[in-house]
Amino acid sequence: MTNVPTRAPADTALLRVDAVSHVYGADARAHRAVSDLDFTVGSGEFVSLVGPSGAGKTTVLRILSGLLRPSSGAVYMQGQRVTGVPDGMAMVFQDYSRSLLPWLTVEKNVAFPLAGKKLSSKERTSLVSESLSAVGLGSAHQRFPWQLSGGMQQRVAIARALAYQPKLLLMDEPFASLDAQSRSELEDLLLRLRDQYDITIVFVTHDIDESVYLADRVLVLSKSPAHLVADLPVPLPKPRDQISTKEAPEFVRLRGQVARLIRSGGAEESV
Amino acid sequence: MTAPLLRSPLARGKDVVRLAGRALLTVALLAFLLIAWQVVTTRTTYPFFPPPWTVLQNMGTLLFSGPPSHLWLSDTARSDALPTLTRMVLGFLLGSTVGVVLGTVVGLFRTASELSTPVIEFLRSVPAAATLPLFIIVLGAGSDMRVLFIAFGVVWFVLINTANGVSSIHETQLMMGRSFRVAWWRQLIRIVLPAASPQMFAGLRVALSSSLIFAVVSEFQLASNGAGYQLVNAQARFQILDMWTWIFFLAFVGLILNLLLALVERWALSWHRAQRV
């Protein structure tokens, strides 16, 4: 990885997105997916990226993760330009049935990314057990992912990310294919884990309620090409609660604001 | 989504009963056919179809009449049956290894696939048996030539299936590996190859059956030993019983090796089978 801090890491930002644009293809068939995106994510923050379906949210997340190189602009993690997947970053994908390897047990799936870290086998085992217990799957070590329900599989994927001990956790619509019950359980689990492990989270979703309920800040993206429409702080008290938080006037107001911003693409309520 | 929990012991018990029932039916059907064959052939005087029991007895004397120090294998077994088996297994292993390696490269890299597809399509369209004269002229009539001939015959099944399996791996599986900075060789061994293994095994199954065919065919020409050699010799000398014996021998070899591969596959792909239940 090259080490080119073009701007000094003066702020406390863990992640800085600087004038990022991305174009797929070239010439006549070129498709502009991301347009001139600028934002920062502070250390310890929980930031939601919300936008309409097909807005290019996944493209943004891939650029943040270093899996995709943007056509122009740059991403900095802790002041260092991201040119490949940086150290200290983990990802949770929407499609848990693909992101977990069906030929490995739950335990081995969680341990899978740890091979690249210099850990003793004892440290590795305890990391795996700890993170599986943290997601409430302390007794599922020897099961296979496909023997578990969707919600439990996504818990395994979260445990795998936790065991990896990331500073930054990127989540790509992780609860989008779960039923409502599992979804709210996992939302609350995620908030607890975030406090417990003190990690920074960037959470992509198209669910407006979810984006507000979870985050400290909601970044609203326009429809394709994705650009930033609004950067809204969420001053809701913690810990959040599925019932009372969602009844709070502030929650209702924010939800309405985000919904209107998404519908209008930022035309009415510009920042 | 409902939770597909572990199957209950009751369901597994039912499975065992059903499996046993099916096995019983298969054995009964085979026994019936064998008995019918035996009865019909003993009652007719047509010389080209000896009764199966006679063929089996002949196989006993032909192949298994040796001394205990040679594991009861006769000289013929050691000079003809084993060499065929050895060449077949070596040819299969060589062809499969090359097929898996090349198939993985072709499946992973678009350029490799675009460059190699026309060549592969052409080479695999050539009936492999038709290349035997060429192999003999270029490589001579030795055992090595036959092994290479078998390998050439079977490599395509494995190569094409592996390439298909590798190229159809879901993007998320690959991205997972990359996003956790997993070493490339570990991504290959622990993600790519297991993900492609169901299709790889489909290729290996065809390759195994074909390797027996090519082993026998390779011994039809300019051979000095082997099951195929003994087979055409027996035919030329009108030793119908010996000819049948070698046919039976090859059938048993095919059956046993297919069973062994099925067992390996059962073990290696247990996750895949269970997942689809």
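Predicted model: local features only at pLDDT ≥ 70, side-chain atom pairs only at ≥ 80, totals over all residues.
Residues count from 1 along each chain as written, chains are lettered from A in the order written, and side-chain values use heavy atoms, leaving out hydrogens and water.

The bend sits at Val154(B) and comes to about 35°, taken as the angle between axes fitted to the seven residues ending there and the seven starting there. Helix H6 of chain B covers residues 143-167 and spans 36 Å between its end C-alphas, close to the 36 Å expected at 1.5 Å a residue (1.5 Å times one less than the number of residues). Helices (H or I, at least four residues) and strands (E, at least two) are DSSP runs, numbered from the N terminus.

Over in chain A, six strands make an open, mixed sheet ordered E6-E7-E8-E3-E9-E10, with pairing called when DSSP finds at least two bridges between two strands. E6(A) and E7(A) (residues 168-172) run parallel, joined by four bridges; Val92(A) has Met171(A) as its bridge partner.

As for the interface, 24 residues of chain B touch 31 of chain A (contact being heavy atoms within 4.5 Å). One salt bridge is counted between the chains: Arg62(A) with Glu171(B), closest N and O atoms 3.3 Å apart (the criterion is a side-chain nitrogen of Lys or Arg within 4 Å of a carboxyl oxygen of Asp or Glu).
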